[in-house]
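Hello,

Here is the structure I promised to pass on to you. Please have a look at it first, and then read my notes below.

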Amino acid sequence: MVVARLEGFDALMLRPRDSKSSASAPNILAKELVISQNDPLDAGTDNTVNTVPGSLTDNSTAVDIKFSVPFVHRLRTTRHVAGADFPTLLGVLTPGSVGPAKVLLVAERPVADAAGHVAELARRLGECPDIELVRDVLLVSGGEDVKNDLSCVEEILNQINSYDLDRRSYVIAIGGGAMLDAVGYAAAIAHRGVRLVRLPTTTLAQGDSGVGVKNAINYFGKKNWVGTFSVPWAVINDASLLESLSDRDFCSGFSESVKVTLLKSRDEFDWLCDNADRIRNREMSLATRAIATSCELHLRHITEGGDPFEMLEARPLDFGHWSAHKLEPITDFQVRHGEAVGIGVAIDCFYSHLKLGFPLSDVQRVCDCLSRLGLPLWHQALSPLDRLLAGLEEFRQHLGGRLTITMLRGVGEPVDVHEIDTPTMAKAIEMLHHVGQPLRG
Ligand SMILES: NC(=O)c1ccc[n+]([C@@H]2O[C@H](COP(=O)([O-])OP(=O)(O)OC[C@H]3O[C@@H](n4cnc5c(N)ncnc54)[C@H](O)[C@@H]3O)[C@@H](O)[C@H]2O)c1
Ligand SMILES: [Zn+2]
């Protein structure tokens with residue numbers, strides 16, 4: 001539920017434009033409230049803002065009010081949500097005020113086919129008196145294809161309409177990051193937001209995108225071009241849902257763990273390096289710890305970083321993503337998002353070394369860690385460079401404003417840069433190409 005609240009309204013700096021208008025003004029609209037339009041997050045701790053000097057005429061007024069919107073982010077971690085931990089799911093489904101909570105259960109077909117979890121969840125939900133499961137599980141396809149056209153989004157919208165779901169109803173989505181993005185987008189735009197409960201089924205979605213506050217589909221051949229910012233009602237990371245994942249998809253999600261630990265924590269990055277082989281070999285106690293750490297670092301960034309909806313220039317969690325987001329479409333999505341991110345992180349580590357002095361020994365450790373996690377470090381589509389570099393402008397447009405790319409001075413020391421030196425980037429990519437050979441300083 002989203003609650004908008006105008007805080008401290010009386011304390012706002014209301015300045016009469018002149019004594020005449022002030023005397024005749026019956027309400028706030030006749031006054032000039034001074035707030036910064038340019039950057040709402042830079043407006044200071046009070047609610048005052050600056051209007052552009054001279055922008056008001058005698059016939060116009062301005063009311064610019066800074067306000068905050070409190071959200072609750074509900075994350076649950078379970079081992080077997082379709083079994084002993086089922087009450088955890090029930091606990092996030094508040095019954096409606098006029099009867100049971102309406103639930104549309106949507107699952108990715110490969111996940112439902114691979115194990116009995118989805119059918120069991122549907123059976124148990126169907127037996128709950130406080131839940132109205134509106135139909136059998138709706139099965140949709142998974143993988144990036146689901147984001148490449150509108151069919152999944154339209155299907156979800158149709159179902160929400162057909163079964164009269166409202167803004168207090170629930171869409172429970174069980175699937176990988178791509179499916180969660182498409183279903184989440186539909187849930188976010190239906191009635192301007194039906195409650196979305198995500199049950200991510202990949203390592204990437206559990207460690208990264210599941211707790212994210214975004215959804216999107218691809219459009220114009222570009223990643224995530226259509227989408228919204230929207231906080232999920234709840235996220236349940238369940239270990240048993242990862243069992244049926246292929247080794248390739250199991251490994252690919254840990255590139256986001258490498259990314260976020262590089263940005264936020266040397267200790268956690270060291271731990272990942274120390275345990276990479278065992279994680280690749282699916283030692284679940286270690287894999288779930290890596291996922292939990294990644295998830296927590298992402299969640300903290302979102303809830304404590306001060307910019308959950310990315311209104312500022314920088315988007316640090318997208319370290320390594322400018323090239324990854326380009327590599328995906330130019331390979332016709334044959335490269336997984338997680339694989340592309342691993343390559344993108346490695347490229348930007350080399351660039352950070354060449355431009356910002358990020359130690360070569362750490363670049364080597366990053367490449368080694370990614371490799372031992374089972375991730376590729378090279379794809380032939382990285383050449384020609386011009387095609388890849390077009391990703392920089394697409395990345396800039398996606399954020400708006402100046403190009404801002406996060407690089408690293410050291411592990412845990414991100415730095416924003418506003419231009420990319422093309423010859424140096426070419427050299428960085430060339431160094432990655434030769435990564436199998438010993439690196440020289
Ligand atoms: N919204 C965000 O904040 C955000 C953040 C990061 C990534 N993403 C998006 O997430 C997507 C990548 O997600 P992903 O890495 O989870 O890949 P994915 O969703 O494409 O899934 C990869 C493959 O695994 C299959 N699969 C999923 N779960 C399975 C399971 N339990 N058993 C068997 N097969 C299963 C899928 O069908 C697919 O073939 C990209 O589209 C990326 O842009 C979004
Ligand atoms: Zn990502």
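Let me start with helix α9, where F254, S255, E256, S257, V258, K259, V260, T261, L262, L263 and K264 are buried. Helices are DSSP runs (H or I, at least four residues), as are strands (E, at least two), numbered from the N terminus.

A word on the source: this is a predicted model, in which local features need pLDDT of at least 70 and side-chain atom pairs count only at pLDDT 80 or more, while totals for chains, interfaces and linings use all residues. Residues are numbered from 1 along each chain as its sequence is written, and chains are lettered from A and ligands numbered from 1 in the order in which they are written.

Next comes ligand 1. Around it are 33 residues, of which G142, G176, G177, S209 and G212 come nearest (near: C-beta atom, placed from the backbone, within 6 Å). Helix α6 gives the largest share of this shell, four residues. Ligand 1 lies between domain 2 (75-245) and domain 3 (279-433), because both give residues to its shell; the domain bounds come from an automatic or database assignment.

Finally, I330 sits in helix α12 (residues 321-330). I330 has 18 C-beta neighbours inside 10 Å, so it counts as partly exposed. Its C-alpha atom is separated by 9.1 Å from that of G221, 109 residues apart along the chain.

Best wishes

Definitions and conventions: A residue is buried if 20 or more other C-beta atoms lie within 10 Å of its own, exposed if 12 or fewer, and partly exposed in between; C-beta atoms are placed from the backbone.
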